[in-house]
Amino acid sequence: MTRQRAGAALLVLLVTLFAAAPVLGPNDPRQQFPDHAFAPPMRPHLVHEGGIRPPFIYPVRVTDRRGRQFEQDSRPVPIEFLENGRLATTDPSSPWLLLGGDPLGRDVFSRVLNGGRLSLGVATIAVALALAIGALLGAAAGFAGGRTDRFITGLADFTIVVPMLYAVVTLRAVMPLAPAPSTIFWTMAIVMALATWPLPARGVRAIIAAERRTAYAEAAYAAGAGPLRILLRHLLPAAAGHVAIQGFLLFPAFIFTEATLSFVGLGFAEPASSWGVMLQDAARLSAMTDAPWLLAPAAAIVVTVVAARMLAGDRAGLAPSAKG
């Protein structure tokens with residue numbers, strides 16, 4: 001239980017950070033600072049010349065563009081809440097890059113926070129849709145039986161054997177070359193939900209089929225309760241635990257899926273600050289040694305997925321994993 005609470009606390013902290021990205025991000029994630037391409041991280045300071053003052057940074061300036069050489073300035077630049085609500089420096093020419101700059105001089109930290117909003121938003125909506133579709137169809141199959149059961153079960157089997165990647169590639173081929181980010185957002189969420197609804201549906205079907213023959217269900221029939229009332233009030237609550245566990249399993253799987261699709265060019269594209277898009281810059285071999293801060297999106301993905309798995313607890317290992 002302690003492990004689940006730690007996972008819940010970590011996930012709440014991450015969601016809070018991503019939700020507060022417009023305030024915590026020192027810079028607009030799309031803003032470019034040409035003189036700060038591949039700039040190193042700038043940590044905040046509290047003490048200057050023996051005195052305590054508001055947080056500030058020592059800005060860096062480029063000395064060799066081709067060699068990506070920077071040196072730290074000795075003058076402090078204060079960090080304050082500006083009129084637009086952002087916690088940033090008071091000097092626009094000296095941006096605060098907490099996690100350094102990317103190849104275009106954009107703030108990696110601000111882009112990671114905004115990328116979390118995109119990735120978690122897609123994953124959350126996709127999970128909600130997959131659970132809703134799976135629970136409804138699974139309940140219908142388990143409660144009705146007969147032809148309805150065979151049809152829904154066959155549809156689920158067909159959906160599972162179709163790789164999600166093929167569906168995404170086919171759908172992407174018929175979309176415009178440069179669709180709006182909102183279009184990509186909803187398309188990815190819907191496709192992921194339609195590709196994974198059989199996972200919760202199978203368990204719900206089995207639970208409903210077993211529960212409808214129990215004594216309390218028969219007693220509800222005898223008392224005159226209608227089929228819909230029995231299904232919603234008595235049978236579906238028995239499957240709530242299974243649906244919740246499936247949600248915790250699908251959530252990290254969808255985060256990986258979104259990052260992978262964006263990384264290979266089938267999801268979000270520049271200038272969107274998706275984690276998958278950001279990892280395209282980190283894919284270069286030189287990034288490991290010259291600019292390791294470009295791997296910050298990978299660290300964010302790992303921490304978020306670990307938090308979700310911790311929250312799911314040991315019972316998650318008993319459920320089938322999501323299809324990638």
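Biologist: Where in the chain does D73 lie?

Modeller: In this predicted model, D73 sits in the loop that links β4 (69–72) to β5 (77–81).

Biologist: Is D73 buried, partly exposed or exposed, and why?

Modeller: The general idea is that buried means under 20% relative accessible area and exposed means over 50%. D73 has 23% relative accessibility, so D73 is partly exposed.

Biologist: Which residues does D73 touch beyond those up to four places away in sequence?

Modeller: Those are Y58 and P59. Y58 is 15 residues from D73 in sequence, yet their C-alpha atoms are 5.6 Å apart in space. The D73 side chain also has a polar contact, at 3.1 Å, with the side chain of R75.

Biologist: Now to helices. How should I read α3, and what span does it reach?

Modeller: An α-helix has 3.6 residues a turn, so residues three or four places apart point the same way. Here, α3 covers residues 108–144 and reaches 53 Å from first C-alpha to last, close to the 54 Å expected at 1.5 Å a residue. At its start, a side-chain oxygen of D107 comes to within 3.1 Å of the backbone nitrogen of F109. Just after α3, G145 has a positive phi of about 65°.

Biologist: Which residues have the most contacts inside the largest nonpolar core?

Modeller: F251, F268, W275 and L294 do, in a core of 56 residues. The helix giving the most to this core is α3, with 13 residues. Apart from this core lies another, of nine residues, including M42, I57, F70 and W96.

Biologist: And what is F268 in contact with, leaving aside neighbours within four places in sequence?

Modeller: Its contacts include L118, V122, F185, M188 and V277.

Conventions. Residues are numbered from 1 along each chain as its sequence is written. This is a predicted model: local features need pLDDT of at least 70, side-chain atom pairs count only at pLDDT 80 or more; totals for chains, interfaces and linings use all residues. Side-chain values use heavy atoms; hydrogens and water are left out. Helices (H or I, at least four residues) and strands (E, at least two) are DSSP runs, numbered from the N terminus. The expected span of a helix is 1.5 Å times one less than its number of residues. A polar contact is a pair of N or O atoms within 3.5 Å; within protein, one must be able to donate a hydrogen and the other to accept it, and residues adjacent in sequence count only if both atoms are side-chain atoms. Buried means under 20% relative accessible area, exposed over 50%, partly exposed in between (1.4 Å probe, protein chains only). Contact means heavy atoms within 4.5 Å. A nonpolar core is a set of buried Ala, Val, Leu, Ile, Met, Phe, Trp, Tyr and Cys residues joined through side-chain atoms within 4.5 Å.
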